[in-house]
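Try each task yourself before you read the solution.

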Amino acid sequence: MNKAIYILCFFLLSCHSTIKSRVDNEMTAEKILGNKNYQAICYGGYRTQTRAVEPTISELKEDMKLLSVLNIKVVRTYNVHLQEAANLLQAITELRKESPDFEMYVMLGAWIDCKNAWTDLPPNHNEESDRNAVEIDEAIRLANQYPEIVKIIAVGNEAMVKWATNYYVQPAVILKWVNHLQHLKKQQKLPKDLWITSSDNFASWGGGDASYHNEDLNQLIKAVDYISLHTYPMHDTHYHPVFWGTLPEEEHLSEKEKVDAAMLRARDYAVSQYKNVVNYMKSVGVDKPVHIGETGWATLSNELYGNEGSKATDEYKSAKFYHLMRDWTNNSGISCFYFEAFDENWKDSANPSGSENHFGLINLKSEAKYALWNEVDAGTFKGLTRNGKPITKTYHGDEKALWLDVKMPAIPVTH
């Protein structure tokens, strides 16, 4: 290569690198959240029945490439003390070096527990675990090490909702850590554009039972940069099935039409929970963004939501919910961190058919579930693999076989 061409190439590469760096600096959480060009998803890369087996950098890169072609550009992960979080950031860094146009940003979740959580001692919900400080410190370290990737820190994952009986804390604990992180931003010890939130059940944000309404929650709403709420209509097909089942006026409909009607009501139920949180937020004098930190619909369950229960879980209903939620949030300027990208069977390792193992859009056989069949047909995953396998369709792409597993929505007996 002659000297003139070498200099020109070096100049062009330098310009591209400068532009890319400038884009990274401009893509703040404020610009990413609510932007339909930056789809979001919840991600865990664990492939075995235990989190003791960490996904490798290579496996994490494999997953990020698969998500990227789906226009996913923001992933949410939590438990930052586990090596997966740091490895994920390293994997994204390597992908950015390999392809300067590659974009992927991260919402880091810092796990928060009460005192005595997950021990033989009674959990003390009014005091916090000493480990919380360790988790927060690691989130700070990673956010400072990877400011071009980490755009959000969430303090706690369903840490305030009272049905989390093993570990929930009072809002004052979450408020303490949110204020700590906001203070570090003011001191320039964290990136100034980093957004701080807590990712919790809609009820914890004031959208449900009035027992959650208190001054600490109100102050927390004022302290976060935005609200990240969770909504799971699937669980309420058993616990609060006000929208579930087949209505008398729907008896004449086809089976598909009956399912579609029930899933539309499920979507509307999620919308109502979202609106309830917005209304409570405004009632305390606050008006800031509200996004969905988690929502999803499992494809299999041998528990309360399966064929012996509310008959909610199968690939058709899950796909319907996925597309309804994506359409609503995209049209409304709401980010939706859909739960989740890939099945993870460590979540209920003792029960392989437990619903917690089956929320992914892609299963552990590298098969795209019905929600993504169109993407397989379109060649979206062409040339990409997971665990060395190309992405194919569940049921071998046979929709009639899939429908054999679809049951009509049933109103379950609640206890």
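**Exercise 1.** In this predicted model, find which residues Asp405 touches, leaving out those up to four places away in sequence.

*Solution.* 
- Step 1: Go to the segment after helix 12 (399–403), where Asp405 is found.
- Step 2: List the contacts. Asp405 touches Asp314 and Tyr395, once residues up to four places away in sequence are set aside.
- Step 3: Look at the side chains. Those of Asp405 and Tyr395 are joined by a polar contact of 2.5 Å.

**Exercise 2.** Decide whether Asp405 is buried, partly exposed or exposed.

*Solution.* 
- Step 1: Take the relative accessible area of Asp405, which is 38%.
- Step 2: Compare this with the cut-offs: buried means under 20% and exposed means over 50%.
- Step 3: Because its value is 38%, Asp405 counts as partly exposed.

**Exercise 3.** Describe the span of helix 5 and what its buried residues pack against.

*Solution.* 
- Step 1: Helix 5 covers residues 131–145, which makes 15 residues.
- Step 2: From first C-alpha to last, helix 5 reaches 21 Å, close to the 21 Å expected at 1.5 Å a residue.
- Step 3: Pick out the buried residues of helix 5: Asn132, Glu135, Ile136, Glu138, Ala139, Ile140, Leu142 and Ala143.
- Step 4: As you read their numbers, recall that an α-helix has 3.6 residues a turn, so residues three or four places apart point the same way.
- Step 5: Find the partners. The buried residues of helix 5 pack against helix 4 (83–98), helix 6 (171–186), strand 3 (105–110), strand 5 (124–128) and strand 6 (150–157).

**Exercise 4.** Locate the largest pocket and say what lines it.

*Solution.* 
- Step 1: The volume of the largest pocket is about 1,300 Å³.
- Step 2: Its lining has 41 residues, and nearest its centre lie Glu158, Trp163, Ala164, Tyr167 and Glu356.
- Step 3: Trp163 lies 31 Å from Asp405, C-alpha to C-alpha, and 242 residues away in sequence.

**Exercise 5.** How many cavities of 30 Å³ or more does the whole structure hold, and which residues are closest to the centre of the largest cavity?

*Solution.* 
- Step 1: The search finds three such cavities.
- Step 2: The largest cavity holds about 120 Å³ of space.
- Step 3: Of the 17 residues lining the largest cavity, Tyr43, Gly44, Thr77, Tyr78 and Glu344 are closest to its centre.
- Step 4: Strand 2 (residues 72–78) gives the most to that lining, with three residues.

Notes
Residues numbered from 1 in each chain as written. Predicted model: local features only at pLDDT ≥ 70, side-chain atom pairs only at ≥ 80, totals over all residues. Heavy atoms only, no water. Helix = DSSP H or I, 4+ residues; strand = E, 2+ residues; numbered from the N terminus. Expected span 1.5 Å × (residues − 1). Buried < 20%, exposed > 50% of the residue type's maximum accessible area, 1.4 Å probe, protein only. Contact = heavy atoms within 4.5 Å. Polar contact = N/O pair within 3.5 Å; in protein donor to acceptor, adjacent residues only side chain to side chain. 1 Å grid on protein atoms, 1.4 Å probe; cavity = no way out; pocket = protein on both sides within 12 Å on 5 of 7 lines; lining within 4 Å. Points joined across faces, edges and corners; volume = space filled by probe spheres on them.
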